[in-house]
Amino acid sequence: MVGTVTSQRTKIEQVRAALERFCREKLGDPSAIIDFVPTDFFDFFEVVLISPKFKKMPYSERLEMVMKSLSSDPQLPREAFTSISRILTEEE
Amino acid sequence: MVDLTKFTSTKKADFEQLARDRKKDFDALQRQKRWTASVYIGPYIVEAWLKSKICERLNFETLPAVFKTHDLIVLAMYAGLMKSIKATPGVFENLAVINTFHRDSTWRYKVADQSHQTDSNKMRDWLFHSQHGVMTWLER
């Protein structure tokens, strides 16, 4: 069980690093807030991204932008990426 | 404590019909440019399909009540599909974004808005894209 927790923590760190790259290089907001919400299933977590840059961007485009960036990030292991069960984007 | 002995009254065949019905509803709403409602309806196609698949996998006539959830990731897990979905580039991504829409309850209460055409057309793509569409992949 301890191994599982550690592994999940590693995945979250890997996703956080990828999201920081996304916010800095693609969203243009290095100070965007990145947070994680656990789910009932140890293999999955939810991502929360808060940035004023999302204003006026259709909901679907925000999600697609984040997902495409993460799925094409060579530094993010697939195993970590596929632990994201949903992405919550907020403007402020 | 979850009661594992209870079942819903909805049968496997009902969920199969429901998936077909919601697809027709999604198409009709798009034809009528009812973009906002189509975004709300679209994910139910996946939900109904996965619930029928769970009944099939478990060889039950009706869905166990423990699966009364709208979480498409959880339903895909219990339908025994998550390992292959995760291994298929494009499909997991689309399932996660459809799940994000489906679990965002604000879509239930949004008034009709033409600006949701982008969201509606992307929902169609995520569901029915010839290669990466979730329903295209599930029905293969």
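Trainee: How many helices and strands does chain A have?

Mentor: This is a predicted model, where local features need pLDDT of at least 70, side-chain atom pairs count only at pLDDT 80 or more, and totals for chains, interfaces and linings use all residues. Residues are numbered from 1 along each chain as its sequence is written, chains are lettered from A and ligands numbered from 1 in the order in which they are written, and side-chain values use heavy atoms, with hydrogens and water left out. Helices (H or I, at least four residues) and strands (E, at least two) are DSSP runs, numbered from the N terminus. Chain A has 3 helices and 3 strands.

Trainee: Which pattern does chain A follow along the sequence?

Mentor: The 3 helices are written α and the 3 strands β. Read along the sequence, the pattern is α-β-β-α-α-β.

Trainee: What radius of gyration does chain A have, against that of a compact globule?

Mentor: The radius is taken over C-alpha atoms, and the globule rule is 2.2 Å times the number of residues to the power 0.38. For 92 residues the rule gives a value near 12 Å, so chain A agrees with it at 13 Å.

Trainee: What share of the residues of chain A count as buried?

Mentor: Buried means under 20% relative accessible area, exposed over 50%, and partly exposed in between (1.4 Å probe, protein chains only). Of the 92 residues of chain A, the buried share is 46%.

Trainee: How many aromatic pairs are found in the whole structure?

Mentor: Rings of Phe, Tyr and Trp (its six-membered ring) pair if their centres lie within 6.5 Å; planes under 30 degrees apart count as stacked, over 60 as edge-to-face and the rest as tilted. Over all chains, the search finds 11.

Trainee: Why is the pair of Y59(A) and F101(B) edge-to-face?

Mentor: The pair crosses between chains, from helix α2 (residues 59-71) of chain A to helix α5 (residues 91-102) of chain B. The ring centres of Y59(A) and F101(B) are 4.6 Å apart, and the pair is edge-to-face because the planes stand at 80°.

Trainee: Is F101(B) buried or exposed?

Mentor: Y59(A) and F101(B) share one description here. F101(B) has a relative accessible area of 2%, so F101(B) is buried.

Trainee: Which residues do ring pairs link into a cluster with F101(B)?

Mentor: F101(B) also forms a tilted pair with W107(B), 5.3 Å centre to centre and with 40° between the planes. W107(B) counts as buried because its relative accessibility is 4%. Besides F101(B), the cluster holds Y59(A), W107(B) and W126(B).
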